[in-house]
Amino acid sequence: MDLEERLKETAGSVGPLNQAAMEQADQYQQKLAKPPGSLGKLEDIAVRLSGITGKLRNEIQKRRIIVLCADNGVLAEGVACAPASVTAAQAVNMTKGLTGMSSLARGFDCEVVVADMGIACDYDCPEIRNFSLGKGTRNLAVEPAMTREQALTAINTGIQLAEEAFRDHVDIIGVGEMGIGNTTTSSAVLAALTGSAAEEVTGRGGGLSDEGFARKKAVIREALKTRKPDPEDPVDVLSKVGGFDLAAMCGVYIGAARDRIPVVIDGFISVVAALCAARICPEAKSYMFPSHASFEKGYAIAAEELGLSPWFLLDMRLGEGSGCPLAFEIVRAACVITNGMATFDGASINDTYLDEIREKDEWQ
């Protein structure tokens with residue numbers, strides 16, 4: 001089976017949420033000793049989690065953040081303030097729990113898997129999983145970032161990493177990244193998929209000067225004009241203006257949905273990869289949970305395309321998967337409510353005083 005067929009088969013095997021389980025979970029939420037809807041999104045999360053797993057009572061114990069790392073040839077155009085060497089250094093530091101994301105992961109007892117999809121600089125770290133497709137992508141300003149086969153290989157690698165999580169009995173996955181220049185590739189991919197102008201989706205990334213920011217937007221505009229990515233074909237978009245990390249992240253979302261594992265979106269790069277996954281496999285959206293609203297300009301456009309509202313407004317823009325450990329705790333909270341809260345009957349409370357509210361649907 002070739003890579004195209006494998007991706008098509010995987011995407012086609014993603015099933016819808018279990019509606020019967022969701023109805024049971026929703027009915028159970030109404031029995032818990034609280035005004036209807038008073039726990040807001042925690043109730044919604046619990047219901048959707050039941051739709052994913054098919055179970056009323058769920059536990060989020062084993063949590064894993066999968067971090068896809070790669071460099072980008074477009075860095076040669078001066079679109080980032082940091083050198084490519086930072087990608088390798090931070091990938092190594094992630095395995096030691098020393099980055100922003102990995103320190104949060106360590107503090108909240110989450111696993112971290114770091115995968116090299118195309119780190120440009122050499123490093124010595126056996127803890128990094130090696131799936132490298134090259135020393136970074138080509139420069140999208142002068143030629144397509146990668147071949148279609150490379151894009152498909154990266155996507156299928158992400159699917160494989162999600163499948164490993166399933167075999168390891170991981171309860172929830174977070175999707176992170178590390179790659180200098182990847183806000184440029186993400187902005188280009190988002191613009192291509194949505195028809196947005198470069199100015200609408202492009203931010204300063206790690207902190208560009210005015211001159212660098214203008215150059216970044218110009219590079220994206222010209223790349224979209226000359227590469228002509230097909231918005232109806234996300235693989236084409238990824239291959240022409242994307243990154244190895246983005247393509248692999250896209251695969252993790254599809255694989256998680258196939259294996260019915262809830263998956264958390266981090267920030268801007270992560271949400272663009274999620275949008276790619278949803279364009280390839282629309283059912284995958286149902287398995288995605290947001291974390292924080294990225295400070296990056298294009299985040300809101302991608303989130304709106306996915307129909308998702310971020311849970312946190314913390315002005316975060318680090319990336320790496322740093323929002324995932326926080327979001328895991330919210331999903332755990334939703335489980336705790338379902339598993340531990342008393343029903344009206346169990347708490348010996350006559351709940352007829354809520355009948356009028358229920359009839360008016362005031363709290364829904």
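Buried means under 20% relative accessible area, exposed over 50%, and partly exposed in between, with a 1.4 Å probe and protein chains only. The views below show a predicted model, in which local features need pLDDT of at least 70, side-chain atom pairs count only at pLDDT 80 or more, and totals for chains, interfaces and linings use all residues. Residues are numbered from 1 along each chain as its sequence is written, and side-chain values use heavy atoms, with hydrogens and water left out.

View 1. Helices (H or I, at least four residues) and strands (E, at least two) are DSSP runs, numbered from the N terminus. Asp109 belongs to the loop between α5 (100-107) and β2. Ser348 is placed in the loop between α14 and α15 (355-360). Most residues other than glycine have a negative phi.

**View 2. An open sheet of six strands.** The strands follow the order β3-β2-β1-β4-β5-β6, and their pairing is parallel. The edges are held by β3 (129-130) and β6 (288-289); each has a single partner strand, so one side of each is left without a neighbour in the sheet. Strands of a sheet pair through backbone hydrogen bonds, either parallel or antiparallel. Two strands count as paired if DSSP finds at least two bridges between them. Strand β2 (residues 111-118) is joined to β3 by two bridges, and Asp116 has Asn130 of β3 as its bridge partner.

**View 3. Helix α11 against the sheet.** Helix α11 (residues 244-258) packs on the sheet and touches β1 (63-70), β2, β4 (172-178), β5 (263-265) and β6. Contact means heavy atoms within 4.5 Å. The direction of helix α11 makes about 175° with that of β4. For such angles, axes are lines fitted to C-alpha atoms, for helices over the stretch in contact, and the angles run from 0 to 180 degrees between N-to-C directions.

**View 4. Strand β1 and its two partners.** Seven bridges connect β1 with β4, and seven bridges also pair β1 with β2, in the parallel sense. Arg63 has its bridge partner Ile172 in β4, while the partner of Val67 in β2 is Val114. In a regular strand the side chains alternate between the two faces of the sheet. Which residues of β1 are buried on one side, and which on the other? Arg63, Ile65, Val67 and Cys69 are on one side, and Arg64, Ile66, Leu68 and Ala70 are on the other. Eight of the eight residues of β1 are buried.

**View 5. An aromatic pair formed by Phe289 and Trp311.** A search of the whole structure finds one aromatic pair. The pair of Phe289 and Trp311 is tilted, with 5.9 Å from centre to centre and 45° between the planes. Rings of Phe, Tyr and Trp (its six-membered ring) pair if their centres lie within 6.5 Å; planes under 30 degrees apart count as stacked, over 60 as edge-to-face and the rest as tilted. Phe289 lies in strand β6 and Trp311 in the loop between α13 and α14 (324-340), 22 residues apart. Phe289 is buried, with a relative accessible area of 0%. Arg48 lies over the face of Phe289, at 4.1 Å from the ring centre. A charge sits over a ring if NZ of Lys or CZ of Arg is within 6 Å of the ring centre and within 35 degrees of the ring normal.

View 6. Ser294 is found in the loop between β6 and α13 (299-306), and its relative accessibility of 12% makes Ser294 buried. Thr338, in helix α14, is buried at 4% relative accessibility.
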